[in-house]
Amino acid sequence: MGYIKKIQNMLTGGEITCVEFTKKYLEAIKTDNKELNAYVTVTEEEALATAQKVDEKIARGEELLPLEGVPMTLKDNISTKGIETTCCSKILSGYKPIYNATVWDILKNQNAVLLGKTNMDEFAMGSSCETSCFGGAMNPHNTCYVSGGSSGGVASAVAGDIAVFGLGSDTGGSIRQPASFCGIVGLKPTYGAVSRYGLVAYASSLDQIGPITKTVEDTAIVFDNISVYDKKDSTSCNKNISPTVDTLNKDIKGKKIGIAREYLDGVRDDVKESILAAAEKYKELGAEIVYFDLPALKFALPVYYILACAEASSNLGRYDGIRYGYKTEHYEGTHDMICRTRSEGFGDEVKRRILLGTYVLSAGYYDAYYKKAQNLRGTIIKAFEDAFENVDVILAPTVPMTAFEKGKATSDPVETYLTDICTVPINIAGLPSVSIPCGFNSNGMPIGMQIIGKKFDEATILNVAYKYEQVCPENFKDTKWGVKL
Amino acid sequence: MKYELVAGFETHIELGTNTKIFCSCSTEFGGEPNSHCCPVCIGLPGTLPVLNKKVVEYGVMAGLATNGKIANISKMDRKNYCYPDLSKAYQISQLYAPLSIGGYVQLSNGRKIRLHHIHIEEDAGKLIHNHGDTYVDYNRGGVPLIEIVSEPDIRSIDEAREYVEKLQQVMRYIGISDCRMQEGSMRCDVNISVRPVGSEKLGTRTEIKNMNSITFITKAMEYEFERQVDLIESGGQVVQETLRYDDATNTTSSMRSKEDAHDYRYFRDPDLVTISITDEEIEEIRSKLPELPQQKCERYIDELEIPPADASQLTKYRNISEYFDKAIDGLKKPKTVSNFIISQIFRTLRTEEDKEAFAVKTTPEQLNELCKLIEDGKVQNNLAKSVLDKMLESGKPCTEYITEEDMAGLDDDLVEKLCKDAIANNPKAVEQYKAGKEKAIMACMGYVMKNSKGKANAQDVLAKIKSLIS
């Protein structure tokens with residue numbers, strides 16, 4: 001059973017009150033967050049007030065909504081009314097939104113218990129959580145290692161059991177990569193499945209909010225509740241996505257699981273071995289493994305960095321110190337104020353991507369970079385469509401390696417960009433993909449694999465993921481931190 | 001050497017939708033600073049635009065009314081530039097796939113000013129300078145605009161004036177904007193260059209930005225034309241630059257040179273989906289368009305036999321022409337109505353705004369009733385004129401002022417008696433008439449009309465007097 005159902009049973013069964021339960025988590029945050037650095041804001045009052053409401057509801061004998069009373073967290077780029085939302089950037093320090101992101105509205109209406117906002121790479125740009133102005137979140141499996149990024153705080157909190165679930169955002173792997181590094185489950189939904197309204201934009205055509213949890217069932221429950229059409233997001237999908245939780249345990253006999261040969265190239269041996277071992281497990285479960293070629297994959301990384309940076313350069317133009325957030329202290333005139341505010345407010349990685357993006361959109365370079373990248377995006381989309389003619393899901397590594405040691409990622413940005421190779425194609429194609437743990441390396445650090453699906457076919461990838469979880473529970477390992485149920 | 005002016009216009013028109021282009025805030029002009037704002041139009045992090053359908057509909061109407069081809073697929077792009085009144089640091093506009101392509105505006109001299117395209121976009125806010133401090137008001141931010149971009153087809157200041165007036169007229173007719181230049185709901189940028197008459201090659205152009213009155217436009221163009229000609233004549237060269245016009249000094253001055261021109265880094269806005277409009281939808285909008293002023297004017301001239309100058313006055317504003325269309329219902333001579341409107345009704349409407357509003361107490365039905373009496377020969381013109389004056393003041397129907405007796409007409413004997421009296425009382429005029437001065441007879445006419453209180457039929461009286469004299 002997943003944690004969400006288990007907790008709700010505990011609450012409704014009278015084993016523990018929601019307030020007591022929430023306090024346990026708040027206590028654990030106080031002690032464990034010192035080392036994990038997962039939370040950047042703790043919302044104790046908000047959490048206890050909600051928990052109180054849940055207890056009253058239970059006392060009245062009312063039935064709980066699917067996420068009611070469950071302690072959770074939000075990445076710090078999801079807008080929460082009255083609660084600081086900084087994207088872990090100095091430039092948004094002190095910024096408290098005056099409106100709620102749609103996903104937070106949904107969760108709040110269900111009385112999900114918000115424990116706080118979690119750490120991330122600044123504006124979701126990074127793969128180690130270390131570009132955060134608060135310093136990185138650490139890996140609960142071994143705090144000498146990073147949690148991954150950009151949703152490192154959510155992954156660290158969930159793997160460290162100081163949150164039951166969390167919502168992250170994934171632009172090029174930012175949910176799946178930290179889930180993989182921390183040995184838990186992370187779903188990047190189909191583009192348009194979850195409303196982006198209120199998610200502080202990094203690259204609008206790639207960003208997608210999704211759950212990070214410890215079990216596949218929990219991911220399914222959270223996804224089913226947040227994948228709702230939202231008229232405030234024009235790219236939100238206006239059709240019913242059938243609940244994924246009902247089909248988790250469906251037999252996968254005869255399912256065709258594809259492995260693209262290119263996906264195994266350049267992947268570290270221990271990772272490759274784990275993926276192949278997982279493929280063997282699937283064979284035992286009656287699935288068919290189909291190897292195929294996906295040559296378009298080689299375009300994915302440059303396409304991603306051109307498009308994401310181009311959009312970011314535009315999305316981040318609004319941080320000028322005029323309306324909200326950080327503003328420089330000494331300046332002469334408006335222009336100088338804006339220049340100084342941005343120079344002081346943004347970190348190096350964000351500046352690097354703004355510069356890159358500005359360059360590729362500039363007159364004279366647009367055709368050579370941006371336009372070409374857009375065309376190649378079409379090629380990549382088509383390549384996946386073709387692949388899905390023959391397979392039901394694609395199995396791939398999430399990251400070519402395991403978690404980096406602290407400080408390694410920030411030393412060479414280009415080297416770090418290369419580690420996104422397995423995750424970015426999925427954002428480019430707008431597909432759903434779930435990362436689940438599939439083993440450990442010799443240092444005991446988790447290895448993750450992705451199960452990639454057709455658009456809006458979250459049900460199948462979660463079904464396939466769930467089946468693996470049932471036969472390989474040893475890969476879903478607890479850490480020493482946090483609240484144990 | 002003689003020089004020719006070459007100009008093209010970029011005209012911004014605020015659309016009269018109730019709500020903004022990407023959120024549901026009010027578009028009302030004025031209001032406390034930042035009182036018509038929400039997270040979306042002040043560009044708070046994480047907010048997303050949702051396109052107002054009405055804006056697309058209005059844009060399509062503008063395209064159809066200017067003979068453009070409506071694109072079945074069009075897209076929104078981001079125009080990136082940094083300025084405090086632009087809350088997102090980009091304006092959502094259209095560059096790569098605008099809503100309407102081509103089209104033209106026809107001038108009275110028969111020339112067609114071709115349009116390059118029409119696109120939809122959002123307006124920016126406003127800076128307010130006060131005691132050395134600068135404030136931003138985002139009320140106008142997100143108000144929908146169309147930008148109408150012409151080809152460089154304008155060849156004179158008069159054409160420029162007429163082009164702007166025609167656009168204003170058409171947009172008001174189709175009801176998508178009030179086009180009030182003084183309130184900024186219509187603003188023009190003019191691209192202007194000169195070349196020797198007869199030359200095909202375009203000269204280097206300058207762009208005068210953001211003018212909000214037709215007078216300023218013509219003055220600025222006159223100034224800029226002279227400046228460019230003088231420059232060339234004295235051996236200099238025109239530099240491509242953006243200018244601002246100062247109406248106090250009636251001069252233009254440089255805002256920025258070509259080198260400093262913004263690189264807007266346009267790209268498709270990923271937050272908005274493709275706008276697709278089917279041919280059926282386009283036709284549906286077309287069918288709802290009112291008759292346009294140009295067509296109306298031609299119809300008045302060709303079918304209703306209204307003199308061209310009058311027809312153009314009647315069609316200047318939609319309210320006038322609609323009033324006229326109703327008032328002529330069932331009449332044989334629509335010109336009677338036209339004359340009443342242009343002479344008597346216009347006299348009561350002092351300003352252009354009054355004419356545009358055309359708030360007249362007399363309903364078109366009431367005017368129609370009066371004109372029918374004239375056509376039936378029951379009321380004579382002079383009487384009708386004085387009756388209409390009273391009607392216009394009170395708003396009452398003509399029957400209030402015309403008695404049965406008035407309508408009964410005069411018997412022939414009385415007419416003959418009045419004519420004889422007229423001849424007897426105007427010997428001098430009769431003398432002159434006999435000497436060949438045709439017009440002198442009008443004095444006798446006047447006498448009869450006056451003494452019959454306008455009831456006599458002018459044609460009959462004239463014939464009678466003539467026969468009596470000879």
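## Domains of chain B

In this predicted model, the centres of domain 2 of chain B and domain 3 of chain B, taken over C-alpha atoms, are separated by 30 Å. Five residues from domain 2 of chain B and six residues from domain 3 of chain B make up the contact, and the side of domain 2 of chain B that touches domain 3 of chain B consists of one nonpolar, three polar and one charged residue.

The domain assignment of chain B places domain 2 at 291–408 and domain 3 at 412–469, with domain 1 covering 3–284.

## Contact between chains A and B

Between the chains, 33 residues of chain A are in contact with 26 residues of chain B. On the side of chain A that touches chain B, the elements giving two or more residues are helix H10 (300–315), helix H11 (333–345) and helix H12 (348–361) of chain A, and of these H10(A) gives the most, with three residues. Sorted by class, this side of chain A has 14 nonpolar, 11 polar and eight charged residues.

## Nonpolar cores

The largest nonpolar core has 229 residues, of which A:Ile306, A:Leu395 and A:Ala465 touch the most other members; H10(A) supplies the largest share of this core, 10 residues. When neighbours within four places in sequence are left aside, A:Ile306 is in contact with A:Val360, A:Tyr369, A:Tyr370 and A:Ala373.

In soluble globular proteins, nonpolar side chains tend to be buried together.

Terms used
Residues are numbered from 1 along each chain as its sequence is written. Chains are lettered from A and ligands numbered from 1 in the order in which they are written. This is a predicted model: local features need pLDDT of at least 70, side-chain atom pairs count only at pLDDT 80 or more; totals for chains, interfaces and linings use all residues. Two residues are in contact if their C-beta atoms, placed from the backbone, lie within 7 Å. Helices (H or I, at least four residues) and strands (E, at least two) are DSSP runs, numbered from the N terminus. Ala, Val, Leu, Ile, Met, Phe, Trp, Tyr, Cys and Pro count as nonpolar, Asp, Glu, Lys and Arg as charged, and the others, Gly among them, as polar. Domain bounds come from an automatic or database domain assignment. A nonpolar core is a set of buried Ala, Val, Leu, Ile, Met, Phe, Trp, Tyr and Cys residues joined through C-beta atoms within 7 Å. A residue is buried if 20 or more other C-beta atoms lie within 10 Å of its own, exposed if 12 or fewer, and partly exposed in between; C-beta atoms are placed from the backbone.
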